[in-house]
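Here are my notes on the model you sent.

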Amino acid sequence: MDKIFLSELSVECIVGIWDWERRVKQTVIIDVEMAADIRRAAMTDHIDDTIDYKRVAKRLLAFVGESQYQLVETLTEAIARLIVTEFGVSWVKVRLNKRGAIRGAKDVGIEIERCAEDYAGVTPLPMQHQP
């Protein structure tokens, strides 16, 4: 399996359960690996024959930047679902870091792997948590 990846995409967003976290944007760092068969793109040398990682990055920046989830688990799941359903990838790995969330630790975060079958017939996640 070929993979296309984005590494250390930095996004400011509202994420957290504490009152102060709901008022202040925090930085999350996103790493993504996407399954892709790049053979056709390698032969044609054309962007339409592959996953356009610039489009993926721009979509993630907009989506995550506007999101207001309480849990990084929910945000990470929403990112995986977005990539699979909007970009038609068969498999994705998403790693999300919330740097500085735990005193004394460099990183804290989530890493998940999902495939297209995980989202078959599933309704989209809401953009933000509704208390």
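**Notes on the predicted model**

1. Both lysine 98 and glutamate 21 are buried (buried means under 20% relative accessible area, exposed over 50%, partly exposed in between, with a 1.4 Å probe and protein chains only). The two form a salt bridge, with their closest N and O atoms 2.8 Å apart. A salt bridge here is a side-chain nitrogen of Lys or Arg within 4 Å of a carboxyl oxygen of Asp or Glu. Lysine 98 sits in the loop between β4 and β5 (109–115), and glutamate 21 in helix α1 (residues 19–23), so the pair ties together parts that are 77 residues apart in sequence. Helices (H or I, at least four residues) and strands (E, at least two) are DSSP runs, numbered from the N terminus.

2. A word on the basis. This is a predicted model, in which local features need pLDDT of at least 70 and side-chain atom pairs count only at pLDDT 80 or more, while totals for chains, interfaces and linings use all residues. Residues are numbered from 1 along each chain as its sequence is written, and side-chain values use heavy atoms, with hydrogens and water left out.

3. The structure holds 9 salt bridges. One of them joins arginine 95 to glutamate 111, with the closest N and O atoms 3.3 Å apart. This pair links distant parts of the chain: arginine 95 is in strand β4 and glutamate 111 in strand β5, 16 residues apart. Arginine 95 has a relative accessible area of 36%, so it counts as partly exposed. Glutamate 111 is also partly exposed, because its relative accessibility is 45%.

4. Arginine 99 forms a salt bridge with aspartate 107; their closest N and O atoms are 2.7 Å apart. Arginine 99 is partly exposed at 37% relative accessibility. Aspartate 107 is partly exposed too, at 29%. Separately, Lys3, Glu33 and Lys93 are linked in a network of salt bridges.

5. Now the sheet. It is open, with 5 strands in the order β3-β1-β2-β4-β5 and mixed pairing. β3 and β5 are the edge strands, each pairing on one side only. Two strands pair if DSSP finds at least two bridges between them.

6. What does strand β2 (residues 26–36) pair with? Strand β1 (residues 2–15) and β2 pair in the antiparallel sense over 10 bridges, with aspartate 2 opposite alanine 36 in β2. β2 and strand β4 (residues 91–97) are also antiparallel, over 6 bridges. There, methionine 34 stands opposite valine 92 in β4. β2 is mostly covered: 9 of its 11 residues are buried.

7. β4 and β5 run antiparallel, joined by 7 bridges. Valine 92 stands opposite arginine 114 in β5. Helix α3 (residues 53–66) packs on the sheet, touching β1, β2 and β3, and its direction makes about 20° with that of β1. α4 lies across β1, β2, β3, β4 and β5, at about 150° to β4. Contact means heavy atoms within 4.5 Å. Axes are lines fitted to C-alpha atoms, for helices over the stretch in contact, and angles run from 0 to 180 degrees between N-to-C directions.

8. Last, the surface. Ile17, Trp18, Trp20, Val24 and Leu71 form a nonpolar patch with about 530 Å² of accessible area together. Patches are made of residues with over 30% relative accessible area and no salt bridge; like charges are joined within 9 Å, nonpolar side chains (Val, Leu, Ile, Met, Phe, Trp, Tyr) within 5 Å. Accessible areas come from the Shrake-Rupley method with a 1.4 Å probe; for residues, only the protein chains shown count as cover. Leucine 71 lies in the loop between β3 (68–69) and α4 (72–87). Its relative accessibility is 42%, so leucine 71 counts as partly exposed.
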